[in-house]
Amino acid sequence: MQQHADPYMPGHGDLSYDVEHVVVDLDYRPSSNLLEGSATLAIVLAEPARRIRLDLAHLRVSRVLVDGTRAKHGHSGTHLTVTLPAEAPAGTRLAVQVDYRGNPRPLRMRAFGEAGWEELEDGVIVAAQPHGAPTWMPCNDRASSKATYDLSVKVPSEYVVACSGEQTGVERRGASRTFRFAQRAPMAPYLATVQIGRYQEVRQRASVPMRVLRPTGMTGAAYEASFGLQPQMLACFEHEFGPYPFDDYTTVVTDDELEIPLESQSLSTFGRNFCRPEWDAVRLIAHELAHQWFGNAVTARTWRDIWLHEGFACYSEWVWSQAAGGLSIDEQAALHHARLTGLPQDLVLSDPGAADMFDDRVYKRGALALVALRRTIGPDAMRTLLHAWVDEHSGGTVETADLVALATRVSGQDVAPLLRAWLDEPALPALPPVAR
């Protein structure tokens with residue numbers, strides 16, 4: 001059994017099997033933070049196995065079924081080990097059902113701090129990146145394990161639920177409501193989320209269904225100059241990156257203030273402190289929307305390549321800045337290149353290490369690497385490249401070598417030496433001149 005599916009995330013994930021589909025049914029009581037759940041995972045063995053290991057933290061398992069029959073299991077720390085009736089060969093398909101309950105709370109890892117199910121003043125957010133998914137559902141917690149999902153969440157009727165996926169129904173029974181969602185595009189476990197609160201829904205007109213779930217009374221000029229811009233951002237990004245890759249897009253704005261926004265598939269979460277027109281707030285609204293293409297549709301196979309998420313999303317901020325009449329892409333690049341010049345030159349973008357994978361230098365240097373590529377091959381070829389990147393890899397996982405190969409093919413130029421300097425060397429290169 002694989003114990004370290006990703007060196008950046010020791011103890012999480014298992015390479016001995018893949019998950020094709022997940023059904024999660026939850027019943028949650030906010031007053032007591034009591035969660036009761038049942039999850040069924042459609043599993044395919046990648047190698048012969050007598051046992052499989054799932055990730056599940058803090059919650060108590062009451063029953064495990066394999067293909068409808070009770071199975072022996074052991075739960076220690078964050079590892080739920082399920083014993084199969086007999087050793088099964090590679091390619092075997094299994095339905096593993098786990099029934100569980102308890103009081104969910106965030107999971108702490110030394111390199112990343114806390115992530116996962118978190119109580120708000122009145123409601124819940126799930127901030128699962130990178131290791132918090134096991135705090136509310138059993139999973140194969142690795143970015144390379146992407147599955148489709150059906151999710152249902154039962155809550156008291158005064159609450160609204162948002163999940164990663166298209167809302168397919170709401171059923172009311174007595175004093176409770178059950179919200180149902182379907183995520184038809186493959187999704188990594190850390191990108192699945194549940195948000196619960198007393199929200200007002202506002203629809204936005206765009207090429208796909210867009211909605212904002214916000215506290216009552218969040219209206220006016222500040223809202224229009226921040227979250228109100230999302231349809232225009234979507235149109236800009238569809239032009240630059242290709243069609244939006246999911247069925248819909250939901251933005252949740254909590255009544256609580258949040259230090260940073262939260263990324264998840266087809267859904268982003270912000271605190272009400274981001275409802276303002278200043279660039280430092282607006283850029284992050286664009287940043288989280290861009291992650292739907294870069295990070296969510298196209299996902300790095302391992303965390304060492306996180307620049308393929310954050311560098312692209314930061315670059316997208318600059319794309320929106322230029323489209324909205326602010327600083328151009330090249331002006332943003334010059335500004336941030338000058339800032340990085342004054343910082344330590346000891347980070348390798350293609351393998352920053354777990355402790356530094358969320359360092360701002362990964363974000364900005366990743367964006368600068370893309371600007372360097374854009375200046376070398378030209379903006380038209382860059383747009384063609386980004387369309388092809390999403391079109392060819394949506395629903396799958398990638399690594400840096402895939403981007404280098406595609407950029408070489410699309411541009412007709414050997415861009416590997418250029419990108420090697422940005423990605424594999426610690427010293428910050430100079431930006432190339434603008435292509436004419």
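This is a predicted model: local features need pLDDT of at least 70, side-chain atom pairs count only at pLDDT 80 or more; totals for chains, interfaces and linings use all residues.
Biologist: Why is the pair of Phe 237 and Trp 293 given its class?
Modeller: Planes under 30 degrees apart count as stacked, over 60 as edge-to-face and the rest as tilted. Here the ring centres are 5.9 Å apart and the planes stand at 85 degrees, so Phe 237 and Trp 293 are edge-to-face.

Biologist: How many residues apart are Phe 237 and Trp 293?
Modeller: Helices (H or I, at least four residues) and strands (E, at least two) are DSSP runs, numbered from the N terminus. Phe 237 sits in helix H2 (residues 230-241), and Trp 293 in the loop between helix H3 (279-290) and strand E22 (299-300). The pair links distant parts of the chain, 56 residues apart.

Biologist: Is Phe 237 buried or exposed?
Modeller: Buried means under 20% relative accessible area, exposed over 50%, partly exposed in between (1.4 Å probe, protein chains only). Phe 237 has 0%. Phe 237 is therefore buried.

Biologist: Which residue lies over the face of Tyr 223?
Modeller: A charge sits over a ring if NZ of Lys or CZ of Arg is within 6 Å of the ring centre and within 35 degrees of the ring normal. At 4.4 Å from the ring centre of Tyr 223, the residue is Arg 214.

Biologist: Which strands stand at the edges of the open sheet of eight strands?
Modeller: Two strands pair if DSSP finds at least two bridges between them. The order is E5-E4-E8-E2-E1-E12-E15-E14, with mixed pairing. Each edge strand has a single partner, so one side is left without a neighbour in the sheet: these are E5 (69-70) and E14 (166-173).

Biologist: What is the bridge partner of Val 44 in E8?
Modeller: Strands E2 (residues 34-45) and E8 (residues 93-102) pair in the antiparallel sense over 10 bridges. Val 44 has as its partner Arg 93.

Biologist: Which residue in E18 stands opposite Glu 201?
Modeller: Strand E17 (residues 200-204) runs antiparallel to E18 (residues 210-214), with five bridges. A hairpin of five residues joins E17 to E18. Opposite Glu 201 stands Leu 213.

Biologist: At roughly what angle do H3 and H4 cross?
Modeller: Axes are lines fitted to C-alpha atoms, for helices over the stretch in contact, and angles run from 0 to 180 degrees between N-to-C directions. The axes of H3 and H4 (residues 307-323) come within 8 Å, and they cross at roughly 125 degrees.

Biologist: What does that make H3 relative to H4?
Modeller: Angles under 35 degrees count as roughly parallel, over 145 as roughly antiparallel, 65 to 115 as roughly perpendicular and the rest as oblique. H3 is therefore, relative to H4, oblique.

Biologist: How far is the C-alpha atom of Ala 281 from that of Ile 260?
Modeller: Ala 281 is in helix H3, and is buried at 0% relative accessibility. Ile 260 is 21 residues away along the chain, and the two C-alpha atoms are separated by 9.9 Å.

Note on methods. Residues are numbered from 1 along each chain as its sequence is written. Side-chain values use heavy atoms; hydrogens and water are left out. Rings of Phe, Tyr and Trp (its six-membered ring) pair if their centres lie within 6.5 Å; planes under 30 degrees apart count as stacked, over 60 as edge-to-face and the rest as tilted.
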